Structure formats: C-alpha cells, structure tokens
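Please look over the sequence and the 3D structure shown here. The briefing that follows goes through contacts between side chains, a pocket and a surface patch.

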Amino acid sequence: AKKDEFLNMVSHELKTPLTNIKAINQLLEKSANKTDKSYPFITKANHNIKRLERLIEDLLDVTKINSGRVDLKIAEFNFIDVLTHSISSVQHLSPGHTIVLQNSIDIPYKGDQFRIEQVLVNLLTNAIKYSPNADKILVTAKIEAGYLVVCVQDFGIGIEQEDIDQLFNRFFR
C-alpha cells in the first residue's frame, strides 16, 4: 500500500515538469524552420515526450502494474519505421557504438507500437551497456516460422551459464 502510494505521488510529480517540457518543445517546433538541422531533434524529443507520458500513465495505474496486466493499444504500423526509429534514438545517445541494421523487413505489423518500441530500445540500450569495450551492435529482423524475429547482437561480456535460467525473472541482473 505504501509502495502504491509512493508510485502515485511520483507519477503526479513527474507530470508537471514533463508538461512544461512538452509546452516548450511545442513552441520550439512551431518556431523552428523545418529545414533547420535542429528540427529532427525537436521531433525526436516530441516522440520521447509521448513515450514518457505513456510510461507515467502506466505508473498511475498501479493496480494494473502490480497485477501484471497492462493495457495494450493494438494497431497496425510499419515495423521497419519503429525499428529504424528505435535504432536512431539509441544511436544518438551512444556515439561510442555503431548500431548496424543488417537488413530491413518492410512489413505492416499489428501490435502495440509503443510497447514494441520500448522493448527494442531496451534491448539496444542493454547491448550497449553490457558491451563497454566493443564498438558495434548488429541488428537483424526476419520472418521465421510465421513470427517476426528481431536479433540484437553485441560483443560484450555475455551471460554466465548458471544465470541463463534466471534471464526472464523480474528484476534479475
């Protein structure tokens, strides 16, 4: 109960500065010349503001999170756009690594675009985080046995054999 109360408080506190950031970014977008070099960064910031808003919405609905049920917003979208955008977002934050998309799979996909992008960004961020001495991340996407499969390969420290069974346990590091 105290944890739920804390999450609600934090969520509400995050909304205020995010609303201010959103307003400032919208003003920048309206006043910026679309051909200016900074314009793509403004649109990327808008996209990430929307992601943060959705994450805060999820935090506000603590009972769903605690019970493991999060609403999915299913719609059709172009998968390659989400994949390339995820790569681009992470690449901007990690200039020490080169993220290479080895192929593209231009198909319409039906799912929760936000959640899929969240997973892709997580995979890419972890690949960079756990390969500090490497400089390349390889990404492939393919259809395999009727499934869309995305592979993110890093050249980092790897996972100890005894930890493989724990890989999908919540909060396991």
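**Briefing on a predicted model**

Lys-142 and Glu-144 form a salt bridge, with their closest N and O atoms 3.2 Å apart. A salt bridge here is a side-chain nitrogen of Lys or Arg within 4 Å of a carboxyl oxygen of Asp or Glu. The model is predicted, so local features need pLDDT of at least 70 and side-chain atom pairs count only at pLDDT 80 or more, while totals for chains, interfaces and linings use all residues. Residues are numbered from 1 along each chain as its sequence is written, and side-chain values use heavy atoms, with hydrogens and water left out.

**Salt bridges**

- Side chains of opposite charge can pair when their charged atoms come close.
- The structure holds 3 salt bridges.
- In the pair named above, Lys-142 is partly exposed at a relative accessible area of 35%, and Glu-144 is partly exposed at 41%. Buried means under 20% relative accessible area, exposed means over 50%, and partly exposed is in between (1.4 Å probe, protein chains only).
- Glu-53 and Lys-22 meet through their side chains in a salt bridge of 2.9 Å, N to O. This pair links distant parts of the chain, with Glu-53 in helix α2 (residues 39-60) and Lys-22 in helix α1 (residues 2-31), 31 residues apart. Helices (H or I, at least four residues) and strands (E, at least two) are DSSP runs, numbered from the N terminus.
- Glu-53 counts as partly exposed at 24% relative accessibility, and Lys-22 is partly exposed at 27%.
- Arg-54 and Asp-112 also meet in a salt bridge, at 2.8 Å, N to O. Arg-54 is in helix α2 and Asp-112 is in the loop between β3 and α5 (113-129), 58 residues apart.
- Arg-54 counts as buried because its relative accessibility is 11%. Asp-112 counts as buried at 4%.

**Aromatic rings**

- The count comes to 2 aromatic pairs. Rings of Phe, Tyr and Trp (its six-membered ring) pair if their centres lie within 6.5 Å; planes under 30 degrees apart count as stacked, over 60 as edge-to-face and the rest as tilted.
- The ring centres of Phe-77 and Tyr-109 are 5.8 Å apart and the planes are at 65°, so this pair is edge-to-face.
- Phe-77 lies in strand β1 (residues 75-78) and Tyr-109 in strand β3 (residues 108-111), so the pair ties together parts 32 residues apart in sequence.
- Phe-77 counts as buried at 8% relative accessibility, whereas Tyr-109 is partly exposed at 28%.
- Phe-77, Phe-79 and Tyr-109 are linked into a cluster by ring pairs.

**Second largest pocket**

- The volume of the second largest pocket is about 190 Å³.
- Residues that line the second largest pocket include Phe-41, Lys-44, Ser-89, His-92, Val-121 and Thr-125.
- At least two residues of this lining come from each of α2, α4 (79-93) and α5. Helix α2 gives the most to the lining, with 5 residues.
- A pocket is an open set of points on a 1 Å grid over the protein atoms alone, where a 1.4 Å probe fits, with protein on both sides within 12 Å along at least five of seven lines; lining residues have an atom within 4 Å of a point.

**Surface patch**

- Ile-159, Ile-164, Leu-167 and Phe-168 make a nonpolar surface patch of about 430 Å². Patch residues have over 30% relative accessible area and no salt bridge, and nonpolar side chains (Val, Leu, Ile, Met, Phe, Trp, Tyr) are joined within 5 Å, like charges within 9 Å.
- Leu-167 is found in the segment after β5 (147-153), and is partly exposed at a relative accessible area of 38%.

Notes: Accessible areas come from the Shrake-Rupley method with a 1.4 Å probe; for residues, only the protein chains shown count as cover. Grid points are joined across faces, edges and corners, and a volume is the space filled by probe spheres set on the points.
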